[in-house]
Structure formats: C-alpha cells, structure tokens
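The following exercises concern the structure shown below.

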Amino acid sequence: MERFSKSFTRQQPLPEAAIDAANRVMRSGDLHRYGADPSEVAALEEEFAAWTGAQHALAVASGGYAMGCALRALGVEPGDPVLTNGWTLSPVPGAIAAVGARPVLVEVTEDLVIDLDDLAAKADRAPVLLLSHMRGHIADMERLMDICDHADIAVVEDCAHTMGAAWAGKPSGRWGRIGCYSTQTYKHINSGEGGLIVTDDTDLAARMMLLSGSYMLYAQNGTAPPEDVFARHKGLMPNVSGRMDELRAAILRPQLRELAGRTQDWNERYRLLETAFDDAPGLSIIPRPAAESHVGSSIQVLADTPHRVPDFIEGCAARGVQWKWFGHASALGFTSAHIHWEYVTPQDLPHTDRVLARLLDMRVPLTFDAEDCDTIAHIVTEEAAKHLK
Ligand SMILES: *Cc1c(COP(=O)(O)O)cnc(C)c1O
C-alpha cells in the first residue's frame, strides 16, 4: 500500500539573504530596534506599509500581541464585548481576553467565512469586530464593511492566514481600521515569532506605537506619524512591551520580497490537491469566490458523514497523511473549537457546530512538490472510498 513519508510541519530553509542579514545583526550586537541605526525593524515597517499600501505599519512580538494592541488602541476596556468568528484559532479569543474583554461569537458558514446574516443580527451587541480570515477564507468584504459601517463597528482584521491575499483586488488587512498579521513559523513568512500591524489612521498608529513600548523613541518608527499626533496620546498609553527585535526584522525583509513567488508555489500545490479531493467520494471542497485571491497554504474539506470521520483520519494517518479535525471532543495540537475555550461564556452556535463536525484541515508546506501532492491525493481518495462512501 502506498505511504507518504514527508513531514506536514517541515519548513523550507530561510533564504541565504536572510541568513546573511541575521549574521550582520548578530555581529553588530545591536538587537534592540531603538538602539540600531539604521534599524532593520524600521526598514521592515516602511517596506510592509508600502507592500500593503498602508500609511503606517508597526512590527511587534507576535500576531496575538498585534490583535491585543489593536483592541487596546481602539479603546476596548475590561468587560467590553467584542464580536469575533465562532470558528478561528485560540489566539483570537485569547487577544480579546488579554484586554479583559468578552468575545461575542458569530456563526460561520459552510464556505468557512463569518456568517454575515448572523453578524448583522448581532451588530448591536458590540462596537468592535475582530474578524478572522481563518484558513485564508475571505468573506464578502463589501457587504461586511456595509454592515459594520452602518452599525458603527470598528473592524480589526486578523490576517494570520491571508498575508498576500486580497478581496476584489484590495489586500486583506486594508478593509478594516486595522490589519494584524503573524510572522510565526507556520504562517506565510517565518521569524519564529512575530507580528505586523497596518493602519491608515494616524491616531491609532501613534497609540499602537506607544503601546508597543517605544519609550520616547517613537519617532524612530519606520512610518511614524508627526510629533503633534503623538503629543495627543503620549501620557495616556501604558507601555505594554511587545516590540519586534532586529534579528527577526532582518530575516523577514528578504522573505517579504519572495512572498509573491511563494504564493504561486502554494497555489499550484493547492490546486492539485483541490482537484483530487473534489473527486474523492464523501468529501466536498470549499468553493473559492471569484473576488478572492488567496494563498493556498492550507486546504479544508467537508465530510458528508461526520460520524465516519475518525476512521477516515485514522486510515490516512496510518499511511502518513495528516488531517486535523475540528469536530474533536477535546482540543488537540494547534486545533481547538469554541466549546474548548472555557474562559469564554458558552454560546449557542448550532450552525458552526454542524460545520465543525464535518471540517477537515490539512497544511500544505512548500517542502511538498507536485509528486508529493499526487501521493497524498491517491491516499486520500482510497481512504475516502473505504471509509466515507
Ligand atoms: C497564528 C494565528 C494568530 C496569531 O499568531 P501568533 O503570532 O502565533 O500569536 C492569529 N490568528 C490565527 C487564525 C492564527 O492562526
């Protein structure tokens, strides 16, 4: 029987240019962004702002920190409600909890995006939406922004899975007031840990730069607003340290330049798997809307018969193919569902629960080639025929 032997978590090595840049930083000893001159972090901020078309960018310690910082800058206070997706990963409700606020969960659809009817129904419940483009699926952003603009809801986008993606030609992260990205190893560019924030709002930019721990050196930020803007917020923002260091910025800059090429590589692999999974019995692929341009760094499918999923997963795993399932009774690895977040008040999400019971998720590492995708496709098709028909 055919088996697959490569690891689903194996990363590509960093580009040589990143390794050289890291060595330069280490030889200099200047690893703190506000000590280095010129600063790699400031340069990354300029480059990321230009790349997304944003006025301001801020590099921080993690994607989770980016979201918490965004919520704090918007004035979210302990006890405040914050709308967010009922299906996302734990750093998202975690960022809401980090500022002492309360997640109000919105249903997700079978297309794996936030349910805009449920969002409209809950629009009067909170002044902020932390929108997660979970696993790269982007909702109809025109309609979403319409709903939120009418209800005066500030949108923060969680773009951990959509760096490089867009809706109707406009980059994800540029629809809401603030866009948050992660540069953690398993996202689209890799510094181990790290995060980036973009906004066009000068006051929010200044608040987030102060919050992230810039002391009185905030003017050294790569896209710093003018001094009079900082003057409005200086004493009012606590220092909640969460800066990015020089080493991380040095290794991210060359990767950002390669991201367009990496996106093509991901999407080639995605399309091979998508075509095969579409033909596999008992599995449905997720339709990708024409307005969405995505980065296929992972692939999801829905099983027609949820009670047979455990046998199917086991059959695939025995042959080296790893699925994650969102229907597990307990949280496993990086995968959890809203019922596992016990610090969040339990909320009724019957539609989301039905989707999660059927939802399977697979990473698509760039260390896989076309032949690897073929092998995975064969195994999945055979095991689906055995267990899901
Ligand atoms: C990874 C991730 C984050 C945050 O990332 P960290 O950098 O690990 O804090 C946010 N949202 C989603 C959906 C993620 O998968």
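**Exercise 1.** Determine whether tyrosine 218 is buried or exposed, and describe the aromatic pair that tyrosine 218 forms with phenylalanine 230.

*Solution.* Step 1. Tyrosine 218 has a relative accessible area of 5% and is therefore buried; buried means under 20% relative accessible area, exposed over 50%, and partly exposed in between, with a 1.4 Å probe and protein chains only. The model is a predicted one, in which local features need pLDDT of at least 70 and side-chain atom pairs count only at pLDDT 80 or more, while totals for chains, interfaces and linings use all residues. Residues are numbered from 1 along each chain as its sequence is written, and side-chain values use heavy atoms, with hydrogens and water left out.

Step 1. Phenylalanine 230 is likewise buried, because its relative accessible area is 1%.

Step 2. Rings of Phe, Tyr and Trp (its six-membered ring) pair if their centres lie within 6.5 Å; planes under 30 degrees apart count as stacked, over 60 as edge-to-face and the rest as tilted. This rule gives 10 aromatic pairs. For tyrosine 218 and phenylalanine 230, the ring centres are 4.1 Å apart and the planes meet at 25°, so this pair is stacked.

Step 3. Tyrosine 218 belongs to the loop between α7 (202-211) and α8 (227-233), and phenylalanine 230 to helix α8, so the pair ties together parts 12 residues apart in sequence. Helices (H or I, at least four residues) and strands (E, at least two) are DSSP runs, numbered from the N terminus.

**Exercise 2.** Classify the aromatic pair of phenylalanine 277 and tryptophan 323, and state where its two members lie.

*Solution.* Step 1. With 5.4 Å from centre to centre and 45° between the planes, the pair is tilted.

Step 1. Phenylalanine 277 is in helix α9 (residues 246-279), whereas tryptophan 323 is in the loop between α10 (309-318) and β13 (324-325), so parts 46 residues apart in sequence are tied together.

Step 2. Phenylalanine 277 and tryptophan 323 are both buried.

**Exercise 3.** Locate threonine 183 and identify the polar contact of its side chain.

*Solution.* Step 1. The loop between β8 (178-182) and β9 (195-199) holds threonine 183.

Step 1. Threonine 183 counts as buried because its relative accessibility is 0%.

Step 2. Its side chain makes a polar contact of 2.8 Å with the side chain of serine 191. A polar contact is a pair of N or O atoms within 3.5 Å; within protein, one must be able to donate a hydrogen and the other to accept it, and residues adjacent in sequence count only if both atoms are side-chain atoms.
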